[in-house]
Number of protein chains: 14
Amino acid sequence: MALDNYTTIIAVASIATSGITIGIGVLGPAIGEGRAVATALSSLAQQPDASATITRTLFVGLAMIESLSIYCFVISIILIFANPFWNRAIT
Amino acid sequence: MALDNYTTIIAVASIATSGITIGIGVLGPAIGEGRAVATALSSLAQQPDASATITRTLFVGLAMIESLSIYCFVISIILIFANPFWNRAIT
Amino acid sequence: MALDNYTTIIAVASIATSGITIGIGVLGPAIGEGRAVATALSSLAQQPDASATITRTLFVGLAMIESLSIYCFVISIILIFANPFWNRAIT
Amino acid sequence: MALDNYTTIIAVASIATSGITIGIGVLGPAIGEGRAVATALSSLAQQPDASATITRTLFVGLAMIESLSIYCFVISIILIFANPFWNRAIT
Amino acid sequence: MALDNYTTIIAVASIATSGITIGIGVLGPAIGEGRAVATALSSLAQQPDASATITRTLFVGLAMIESLSIYCFVISIILIFANPFWNRAIT
Amino acid sequence: MALDNYTTIIAVASIATSGITIGIGVLGPAIGEGRAVATALSSLAQQPDASATITRTLFVGLAMIESLSIYCFVISIILIFANPFWNRAIT
Amino acid sequence: MALDNYTTIIAVASIATSGITIGIGVLGPAIGEGRAVATALSSLAQQPDASATITRTLFVGLAMIESLSIYCFVISIILIFANPFWNRAIT
Amino acid sequence: MALDNYTTIIAVASIATSGITIGIGVLGPAIGEGRAVATALSSLAQQPDASATITRTLFVGLAMIESLSIYCFVISIILIFANPFWNRAIT
Amino acid sequence: MALDNYTTIIAVASIATSGITIGIGVLGPAIGEGRAVATALSSLAQQPDASATITRTLFVGLAMIESLSIYCFVISIILIFANPFWNRAIT
Amino acid sequence: MALDNYTTIIAVASIATSGITIGIGVLGPAIGEGRAVATALSSLAQQPDASATITRTLFVGLAMIESLSIYCFVISIILIFANPFWNRAIT
Amino acid sequence: MALDNYTTIIAVASIATSGITIGIGVLGPAIGEGRAVATALSSLAQQPDASATITRTLFVGLAMIESLSIYCFVISIILIFANPFWNRAIT
Amino acid sequence: MALDNYTTIIAVASIATSGITIGIGVLGPAIGEGRAVATALSSLAQQPDASATITRTLFVGLAMIESLSIYCFVISIILIFANPFWNRAIT
Amino acid sequence: MALDNYTTIIAVASIATSGITIGIGVLGPAIGEGRAVATALSSLAQQPDASATITRTLFVGLAMIESLSIYCFVISIILIFANPFWNRAIT
Amino acid sequence: MALDNYTTIIAVASIATSGITIGIGVLGPAIGEGRAVATALSSLAQQPDASATITRTLFVGLAMIESLSIYCFVISIILIFANPFWNRAIT
């Protein structure tokens with residue numbers, strides 16, 4: 001089935017939004033993780049004995065921050081592969 | 001049922017808004033969490049004995065900040081899967 | 001009832017505004033809470049004895065800041081589920 | 001009564017403005033409160049004896065800053081539920 | 001009396017301006033007050049004996065800064081409830 | 001007298017300008033006053049004996065900065081209540 | 001005399017420009033004066049004996065910075081009350 | 001088969017989005033990784049004995065941050081080579 | 001002589017440009033002068049004996065910076081009162 | 001074969017996107033690498049004995065950051081020389 | 001001679017460009033000169049004996065920076081009073 | 001052969017993109033290289049004995065950062081002198 | 001010869017570009033020179049004996065930075081007085 | 001030969017791009033060189049004995065940064081005097 005006017009607009013909106021969402025959605029997490037890793041490294045250099053606690057706390061923190069960016073990725077993938085508006089449009 | 005002009009516009013607005021909401025909504029929480037985790041790590045290195053208190057306070061703080069980003073995710077998901085305007089439009 | 005031109009415009013405005021409101025409304029609170037939590041952690045590491053006062057003050061402060069973001073969430077939810085303009089438009 | 005062209009425009013302006021007002025109106029107060037709480041916490045850690053004075057001053061300050069954001073919330077709610085322009089338009 | 005084209009435009013301009021004025025008008029005062037309160041708290045911790053002078057100067061300063069934001073609120077309320085252009089338009 | 005096309009445009013321009021002028025016009029003074037008050041407080045804590053000189057200089061400085069924001073308020077009020085272009089338009 | 005198309009455009013341009021000029025024109029001077037006053041206060045606290053010289057230099061400096069903002073105010077008032085283009089248009 | 005109007009629009013949206021996504025998506029990770037590497041280097045200079053722990057933590061951190069940018073690259077490649085909207089449009 | 005289309009456009013461009021020129025033209029000088037005055041004050045507090053040299057250098061520096069803003073004011077006044085394009089247009 | 005309307009639009013989108021992608025895509029990596037190199041140099045000056053470890057870690061880090069910019073370059077080259085949308089358009 | 005369409009456009013472009021050029025062209029020099037003067041003052045306070053060398057270097061530096069802003073002023077004046085495009089247009 | 005509509009658009013896109021690509025593409029590398037050179041100079045002043053290692057590491061780092069800007073230059077030159085879209089358009 | 005449509009557009013583009021080029025082109029050099037002069041002054045105050053070397057290096061550096069701004073001035077003057085596109089247009 | 005529509009557009013694009021390219025292309029290098037020169041001066045003051053090495057490294061660094069800005073100048077000059085698109089358009 002060829003596209004008509006309405007489905008094309010929905011496709012364009014889905015494409016543009018999916019890209020922009022993940023594009024601007026990794027900016028904050030990347031800066032936040034960079035800061036966390038950087039502090040972890042200088043803390044390790046300053047207090048090598050606390051290495052276990054620091055590493056564990058770092059990984060929990062990174063997981064929390066990474067989850068923020070996963071939210072964006074999930075929305076982005078939903079808009080491409082499981083978009084309810086698109087599904088309705090093409091049925 | 002094929003789409004008409006009005007439902008297409010609502011679909012486009014929902015798609016674009018859901019992506020932008022979560023996209024810009026993780027920027028602040030990510031920076032805030034990065035800062036909190038970073039300070040937690042340097043505090044752990046400086047005062048390993050207060051590890052229990054620091055970790056507990058960190059987790060409460062991360063949960064508070066994460067909740068801000070959950071608000072955005074909730075709105076974003078509502079706009080895709082439980083959008084009252086869309087539901088009305090297609091009935 | 002299918003939509004007409006006027007209700008569609010109101011629906012689009014409600015969708016876009018609800019997302020943008022919460023999207024930009026968590027930016028400030030997230031940065032503010034991140035700063036508060038970070039300082040709390042370094043204060044705990046510096047003065048573990050004042051832990052009770054610090055924790056209590058932190059929670060009051062976080063609640064104040066969180067309330068700012070709740071304002072945005074309330075407006076956002078009102079615009080989606082209890083929008084007086086939309087209610088009038090569809091009656 | 002269905003909407004006409006003029007009332008639709010007023011409704012859209014009210015919806016968009018109410019959201020943007022509170023959305024950008026919490027940015028400053030959130031950063032300001034975060035700064036105030038953060039300094040309060042480090043002051044408490046540094047001078048636990050002045051705890052009463054610091055807490056009292058903090059609460060007065062937070063109330064002043066919160067009031068700024070309340071102004072925005074009031075305007076936002078007025079525009080949704082007690083909008084004189086809308087009231088006139090629909091009578 | 002139903003609205004005509006001219007009064008609608010004036011209403012929209014009044015709604016949008018009143019929201020934006022208070023929205024951007026609290027940004028500066030909130031940051032300024034946050035800074036003043038923060039410094040007051042660290043000064044109290046550093047010199048508890050000067051508590052009376054510091055508190056008095058803080059309140060005078062907060063009043064001055066709050067007045068800036070009151071200017072915006074006044075203009076905002078005038079535009080909604082005592083707008084001379086609107087009053088003329090609807091007579 | 002009902003409005004015509006020309007007076008409506010002038011009214012809209014006056015409304016929008018009066019709000020934006022005071023809205024962006026308090027940003028700078030608020031930050032400047034916040035800085036001045038903050039430094040005054042830390043100076044008082046550091047040198048309580050110079051309290052008279054510091055307070056006097058602070059008030060002169062605040063008055064100078066407040067005057068900047070008064071300029072904006074004056075222009076804003078003139079545009080609403082004593083606008084020569086509007087006065088001519090409606091005569 | 002009612003307005004015609006050309007005089008309306010000139011009036012709108014004058015209104016908008018006069019507000020924006022003073023609105024953005026106080027941003028810099030306010031920040032500059034805030035900085036000058038803040039440094040004066042900390043200098044007074046540090047060297048009370050030099051109070052006469054500091055105060056005199058501060059007032060000269062504030063006058064210089066205030067003059068910058070006066071330029072904007074003058075242009076703003078000229079555009080409202082002594083606008084040569086408007087005067088020609090309405091003769 | 002030559003292109004028609006609808007497929008062209010989808011192609012343009014895919015091209016533009018794929019480029020912008022990866023373009024703005026590497027900004028945050030690059031700054032974050034730069035910070036992490038920089039801190040690792042100064043930590044190594046300060047505490048050469050902790051070299052093994054620092055290097056291992058650095059690589060885990062870099063992998064986490066790199067993954068953020070991989071998300072963008074994946075979306076970018078999907079939009080060019082496995083775009084479901086394009087695939088449907090050209091069948 | 002009433003205005004025609006061409007002279008109106010030139011008048012509008014002159015009005016808008018004259019305001020914007022001085023409006024953005026005082027931003028830099030104001031910040032620069034504020035910095036110079038602030039450093040002069042702290043230098044006076046630190047080295048009261050060098051008061052003559054500091055004051056003299058400050059005034060030369062302020063004059064140089066003020067001259068930058070005078071350039072903008074000159075262009076602004078020329079565009080209002082001695083505009084060669086306007087003069088030609090109305091002859 | 002001369003171009004038609006559709007292929008021209010795709011060509012323009014490809015040209016503009018390929019340039020902008022690499023243009024904004026080197027901003028972050030360049031700042032990140034500059035920071036890494038700068039810290040490496042100051043670490044070498046501070047701890048010449050750790051030169052081997054520092055240099056090795058620096059090169060691994062630079063390679064990671066450079067890879068981010070390579071992603072952009074790859075997308076940019078694909079859009080110019082191996083663009084699937086263009087290939088289809090011209091067949 | 002009255003204006004025609006082409007000369008009006010050139011006049012508008014000249015007016016707008018001349019104002020914007022000098023308006024944004026003094027921003028950088030003003031900040032640069034402010035920094036130079038500020039450092040000169042603190043250097044004088046720190047090392048009064050080097051007053052001759054400092055003053056001479058300062059004046060050379062200010063002249064260099066002022067020259068940058070003179071370039072903008074020259075272009076601005078050329079566009080108003082010696083504009084070759086305008087001269088050709090009106091002959 | 002004279003140009004037609006399609007080739008003109010491609011030429012304009014190529015010209016504009018080639019300039020903007022290199023224009024914004026040198027911003028990051030220039031700041032990064034400036035930082036690297038600055039740190040190299042202060043490291044040399046602090047540890048002249050490590051001159052050989054510092055200089056070698058600096059040159060490798062500068063080459064890496066310069067390469068980022070070369071990517072932009074290559075794309076820029078390709079778009080002007082070896083543009084496949086242009087080559088096809090003019091054949 | 002009066003102007004026609006094509007030469008007018010080229011003239012407008014040349015006027016606007018020449019002003020903007022020099023306007024934004026002095027921003028960076030002015031900040032860079034200000035920084036260089038400021039550091040030179042504080043270095044002179046700190047190490048008067050190295051005055052000859054410092055002054056010589058300063059002048060070479062200022063010449064290098066000034067050259068950047070000369071590039072912009074050259075392009076700006078070429079566009080006004082030796083514009084090959086204009087020369088062709090008017091022959 | 002007079003200009004036609006297509007060559008005019010190419011000329012305008014070339015003029016605007018050549019100016020903007022060099023205008024924004026000197027921003028980064030100017031800031032980078034200013035930083036390098038400033039650090040060189042403070043290093044000379046701190047370690048006059050390393051004058052030869054510092055000067056040599058500074059010149060190599062300045063040459064590298066200057067080269068970035070030369071890339072922009074080259075593109076800018078090519079677009080004015082050796083523009084292949086223009087050359088084809090006018091033959």
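These legends describe close-up views of a predicted model. Local features need pLDDT of at least 70 and side-chain atom pairs count only at pLDDT 80 or more, while totals for chains, interfaces and linings use all residues; side-chain values use heavy atoms, with hydrogens and water left out. Residues are numbered from 1 along each chain as its sequence is written, and chains are lettered from A and ligands numbered from 1 in the order in which they are written.

**View 1. H:Glu33 in helix H2 of chain H.** H:Glu33 lies in helix H2 (residues 27-46) of chain H; helices are DSSP runs of H or I with at least four residues, numbered from the N terminus. H:Glu33 is buried but has no salt bridge. Buried means under 20% relative accessible area, exposed over 50% and partly exposed in between, with a 1.4 Å probe and protein chains only. A salt bridge is a side-chain nitrogen of Lys or Arg within 4 Å of a carboxyl oxygen of Asp or Glu. J:Arg35 is the nearest side chain of opposite charge, 13 Å away; Lys and Arg count as positive and Asp and Glu as negative, with His and the chain ends not counted. Beyond four places in sequence, H:Glu33 is in contact (heavy atoms within 4.5 Å) with H:Leu62, H:Ile65, H:Glu66, J:Met64, J:Ile65 and J:Leu68.

**View 2. Packing of H2(H) with H2(J).** H2(H) and helix H2 (residues 27-46) of chain J pack at about 5°, their axes 7 Å apart. Axes are lines fitted to C-alpha atoms, for helices over the stretch in contact, and angles run from 0 to 180 degrees between N-to-C directions. The two helices, H2(H) and H2(J), are therefore roughly parallel; this term covers angles under 35 degrees, with roughly antiparallel over 145, roughly perpendicular 65 to 115 and the rest oblique. Residues of H2(H) in the contact include H:Leu27, H:Ala30, H:Ile31 and H:Gly34, and those of H2(J) include J:Leu27, J:Gly28, J:Pro29 and J:Gly32. By class, the contact has eleven nonpolar, six polar and two charged residues. Ala, Val, Leu, Ile, Met, Phe, Trp, Tyr, Cys and Pro count as nonpolar, Asp, Glu, Lys and Arg as charged, and the others, Gly among them, as polar.

**View 3. H3(E) against H2(F).** The axes of helix H3 (residues 51-81) of chain E and helix H2 (residues 27-46) of chain F cross at roughly 180° and come within 10 Å. H3(E) is therefore roughly antiparallel to H2(F). Among the residues in contact are E:Thr53, E:Ile54 and E:Thr57 of H3(E), and F:Pro29, F:Ala30 and F:Glu33 of H2(F). This contact divides into eleven nonpolar, four polar and one charged residue.

**View 4. H3(A) beside H3(H).** Helix H3 (residues 51-81) of chain A and helix H3 (residues 51-81) of chain H pack at an angle of about 0°, with axes 11 Å apart. That makes H3(A) roughly parallel to H3(H). A:Phe59, A:Leu62 and A:Phe73 are among the residues of H3(A) that meet H3(H), where the partners include H:Met64, H:Leu68 and H:Tyr71. The class totals are 15 nonpolar, six polar and one charged.

**View 5. I:Ile10 and I:Ile20 in helix H1 of chain I.** I:Ile10 lies in helix H1 (residues 5-25) and is buried, with a relative accessible area of 0%. I:Ile10 and I:Phe85, 75 residues apart in sequence, are 7.6 Å apart in space, C-alpha to C-alpha. I:Ile20 is partly exposed, at 38%. Not counting residues up to four places away in sequence, I:Ile20 touches G:Thr21 and I:Gly25.
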